[in-house]
Amino acid sequence: MRDHRPQTPSSLLDDKGLNNIQQRAIALSKLNAAVKQHLNCAQHCRVSNYRQGTLIIETSSASWSMRLNYERNSLMMKLREKLLPQLSNIEVKVNPELAAIQRAKEDKVPDIIQKPISEIAEQHLLATAANAPEKVKRRLERLAQIARDKRQR
């Protein structure tokens, strides 16, 4: 049984504690590499943890989570044969930070190409704003002002 009592920082940083942490990190890294070999969505997920026969995998979005859930049974069978015979369950959790990390790796490619708003589009925004409710009117006028300012630069 594990000891769940609070521990002092010095006890965590002794050689025994650091070795355990390092060994756990290496094991999770190897497990992550093995899991990614068997997945079609490998760049959108990572192994988060493995405890008590449950593998926890994080994905970048709900859509990738759903895709991974479709592959769950085949992944469990492959991992049981080759790496984790005691694997009993795979949990999939959504972690939006993975999408940010992925975007940072591909930082050179912008997601949205911003085109300038033309003068005609600005006039249409102002014409629409004339008949709109006050809240929408302010926003449309602000958008037209931003377009005008960008063109003048």
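This is a predicted model: local features need pLDDT of at least 70, side-chain atom pairs count only at pLDDT 80 or more; totals for chains, interfaces and linings use all residues.
In helix 3, the residues that are buried are Trp64, Ser65, Leu68, Glu71, Leu75, Met76 and Leu79.

### The chain as a whole

The chain contains six helices and three strands. Read from the N terminus, its elements follow the order α-α-β-β-α-β-α-α-α. Of the 153 residues in the chain, 29% are buried. Among contacts with a separation of 6 or more, 52% are between residues 24 or more positions apart.

The three strands form an open sheet in the order 1-2-3, and the pairing is mixed. Strand 1 and strand 3 (89–94) are the edge strands, each of which pairs on one side only. On average, neighbouring strands of this sheet are turned by 25 degrees against each other, direction ignored. Strands of a sheet pair through backbone hydrogen bonds, and the pairing may be parallel or antiparallel. Both kinds of pairing are set out in the table.

| Strand pair | Direction | Bridges | A bridge partner pair |
|---|---|---|---|
| Strand 1 (45–51) and strand 2 (54–59) | antiparallel | six | Cys45 and Thr59 |
| Strand 2 and strand 3 | parallel | six | Ile56 and Glu91 |

Strand 1 and strand 2 make a hairpin, with two residues between them. In the turn, Gln52 has a positive phi of about 50 degrees.

How many of the six residues of strand 2 are buried? Six of the six are buried, so strand 2 is largely enclosed by the rest of the structure. In a regular strand, side chains alternate between the two faces of the sheet. In strand 2, Thr54, Ile56 and Glu58 point one way, while Leu55, Ile57 and Thr59 point the other way. The residues of both sets are buried.

### Helix 3

Helix 3 (residues 62–82) lies across strand 2 and strand 3, and it runs at about 160 degrees to strand 3. At 1.5 Å a residue, the 21 residues of helix 3 should span 30 Å; the end C-alpha atoms are 28 Å apart, which agrees. Helix 3 also has a kink of about 50 degrees, centred on Arg72.

An α-helix has 3.6 residues a turn, so residues three or four places apart point the same way. The buried residues of helix 3 include Ser65, Leu68, Leu75 and Leu79.

Ser65 is one of the residues of helix 3. Is Ser65 buried or exposed? Ser65 counts as buried because its relative accessibility is 9%, and a residue is called buried when this value is under 20%. Apart from residues up to four places away in sequence, Ser65 touches Thr59, Val92 and Val94. The C-alpha atoms of Ser65 and Glu91 are separated by 9.8 Å, although the two residues are 26 residues apart along the chain. Glu91 is also the bridge partner, in strand 3, of Ile56.

### His44

Where is His44 found? His44 lies in the loop between helix 2 (15–37) and strand 1. With a relative accessible area of 18%, His44 is buried. The side chain of His44 makes a polar contact with the side chain of Gln43 (3.4 Å). A polar contact also joins the side chain of His44 to the side chain of Trp64 (3.4 Å). Trp64 is among the buried residues of helix 3.

Which residues are in contact with His44, leaving aside its neighbours within four places in sequence? These residues are Glu58, Thr59, Ser60, Trp64 and Leu98. Of these, Glu58 and Thr59 point opposite ways from strand 2. Thr59 is also touched by Ser65 and is the bridge partner of Cys45.

Note on methods
Residues are numbered from 1 along each chain as its sequence is written. Side-chain values use heavy atoms; hydrogens and water are left out. Two strands pair if DSSP finds at least two bridges between them. Helices (H or I, at least four residues) and strands (E, at least two) are DSSP runs, numbered from the N terminus. Axes are lines fitted to C-alpha atoms, for helices over the stretch in contact, and angles run from 0 to 180 degrees between N-to-C directions. Contact means heavy atoms within 4.5 Å. Buried means under 20% relative accessible area, exposed over 50%, partly exposed in between (1.4 Å probe, protein chains only). A polar contact is a pair of N or O atoms within 3.5 Å; within protein, one must be able to donate a hydrogen and the other to accept it, and residues adjacent in sequence count only if both atoms are side-chain atoms. The expected span of a helix is 1.5 Å times one less than its number of residues. The bend at a residue is the angle between axes fitted to the seven residues ending there and the seven starting there.
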